[in-house]
Amino acid sequence: MPNHLRFFSRLAAAALGALLAAPPALAHHSFSAEFDAGKPVSLRGVVTKVELINPHSWITIDVKDANGLTTSWMVEGGSPNVLLKSGVTKNAIPLGSELVIAGYQARDGSNRAVGRDISFADGRPLFFAGSKPDKAAE
Amino acid sequence: MRRQLVDARRRPGPMKLRGDAPLARVCAAVILTALALGATAAEKPFKAPRTSDGQPDLQGYWTNNTVVPLQRPAAYADRAQLTEAEARERLDKALEPSETEAGTDADVHYQLTDYGLDITQRKMNLDTRTAAIVDPPDGKLPAPLPTAAAKAKERADYTRAHQYDSAQTLNLSVRCIVWPHQGPPIMPTGYNSNLEIYQSPGYVTIITEMMPDARIVPLDGRPHLPGGVKQWLGDSRGHWDGNTLVIETTNYTGRTQVPGTPAGLLLTPDARVTEYLERTGADTLHYRFTVEDKNLWDRSWTAEYPLVRIDGMRFEYACQEGNYGLANTLSGARVKEREAAAQGTTPRDPVPPPRR
């Protein structure tokens, strides 16, 4: 690459880097207002309810602790519009299926969390854009 | 303007562990299904198809997804265009997964790639421009008038301090009332950056996917609504100038703003936005708009976004008062206030409401 092109190429990369350094302007609401970065949670539970509603979907799971006590957790997910484009419908999240969720708990201490990463118990990611969950299993 | 259609959707790649949370990574493979539109157009001018009643046909599902910023980054100085190689490099950079540090506010979000929230996971143009703004020629927004800038700062300061006071002080998009990118002018929104256009005799209807308000534009030359009638999306009137649909919008509420303009700089009821839509190819539409608001700027400014055809249907983004998020956000704010009170501090500095 000629020197001047290399210079502008670096210039472009630097400019874009500066743009991308800012938090992504993708959130519908402030997640840090709703959820607490100081309360990471790891949940494993069985799906009891799926609400594909805008602006955010919600999945309710029953989490069983070591003593056999069951607690219901609501987990926030992305916009159904985006999920549907990735092939995620209600049928992709059958009631009774087991999910593993890493996220952050609600600030108010209730049993709600943002589902930052959600996988089926066998490791398949639940939401993986461009790859339908049923296809990912093949 | 040199453009090529690019399908920048990522392929799923290997998983990577980050802390105790699996982070889906994607390989940087980009599907470049490039069509040399510029060259094709030069050889054979595109003839816009017509609807059954003779209008140029703009109908279909379109996306304005882009990595081109509204304003030209300072690093580009006076360069309006990149080379194609540079534009591809810019796109490649945008394809690199963004990382956040676990336990920080920035990490409290969905894994963007998994959820399909990456801007690069949708079809877009390989656009060589350094900014969407084409006038002023430096690609920058004009400086706001001093009074407007001061007022905007007052508003922004107040919003920052009081947005979580109540449901009514949360912003309009959180409450699912109106999103800033709906415009007019219609702006890219990062995800679900799609719109639908359909035409019927005497009308053109434009629906952005988020939110799905139908902006019905009469083409019969009727006057605008009386000045006292304000609407979230303004009041639009259209006419054809050859193959170009020209839409003029007035009657803004004074509560919305164009994304990318300084925080708190709300379009005033005196604003006028003129949009120009023209078919430039079988799968491309050209969208150009000019914003005038004598209370904000001493000159107009103009920007352009190419639109690319996408597959339908459009799924209705039925957004209802933020559903659970609104209540959760407010209850979170009350917890922060209690924690601050217990520590003898305040979670925010008191800011007086902006003057009306």
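**Entry 1: ground rules.** Since this is a predicted model, I kept local features to pLDDT of at least 70 and side-chain atom pairs to pLDDT 80 or more, while totals for chains, interfaces and linings use all residues. Residues are numbered from 1 along each chain as its sequence is written, and chains are lettered from A and ligands numbered from 1 in the order in which they are written.

**Entry 2: chain A overview.** I looked up the secondary structure of chain A and found four helices and five strands; helices (H or I, at least four residues) and strands (E, at least two) are DSSP runs, numbered from the N terminus. Along the sequence the pattern reads α-α-β-β-β-α-β-β-α. Of its 138 residues, 41% count as buried. Buried here is 20 or more other C-beta atoms within 10 Å of a residue's own, exposed is 12 or fewer, and partly exposed is in between, with C-beta atoms placed from the backbone. I also checked contacts (C-beta atoms, placed from the backbone, within 7 Å). In chain A, 52% of those with a separation of 6 or more join residues 24 or more positions apart.

**Entry 3: strand β5 of chain A.** Next I followed β5(A), where eight of the nine residues are buried. Two strands pair if DSSP finds at least two bridges between them. By that rule β5(A) pairs in the parallel sense with β3(A), residues 70-76, over three bridges; A:V75 stands opposite A:A113. With β4(A) the run is antiparallel, joined by seven bridges, and A:Y104 has A:V114 as its bridge partner. β4(A) and β5(A) make a hairpin with five residues between them, and A:G109 in the turn has a positive phi of about 80 degrees.

**Entry 4: a helix of chain B.** What covers the buried residues of α4(B)? I found that the cover includes α2 (31-34), β4 (98-106) and β5 (112-120) of chain A. Among the buried residues of this helix are B:N328, B:L330 and B:A333. Helix α4(B), residues 324-342, has 19 residues and reaches 27 Å from first C-alpha to last, close to the 27 Å expected at 1.5 Å a residue; the expected span is 1.5 Å times one less than the number of residues. Just after the helix, B:G344 takes a positive phi of about 75 degrees.

**Entry 5: two domains in chain B.** The domain assignment gives domain 1 (1-45 + 82-128) and domain 2 (50-79 + 131-356); such bounds come from an automatic or database assignment. I found 14 residues of domain 1 in contact with 14 of domain 2. On the domain 1 side, β1 (3-18), α1 (37-43), α2 (84-95) and β4 (123-127) of chain B each give two or more residues, and β4(B) gives the most, with four.

**Entry 6: the cores.** A nonpolar core is a set of buried Ala, Val, Leu, Ile, Met, Phe, Trp, Tyr and Cys residues joined through C-beta atoms within 7 Å. The largest has 45 residues, and B:W62, B:A132, B:I133 and B:Y287 have the most contacts inside it. Strand β13(B), residues 301-309, supplies the largest share, five residues. Why does this core lie between the two domains of chain B? Both domains give residues to this core, so it lies between them. B:I133 touches residues including B:L70, B:L141 and B:W301, not counting those up to four places away in sequence. A second, separate core of 28 residues includes A:F35, A:L83, A:F127 and B:Y191.

Notes: Two residues are in contact if their C-beta atoms, placed from the backbone, lie within 7 Å.
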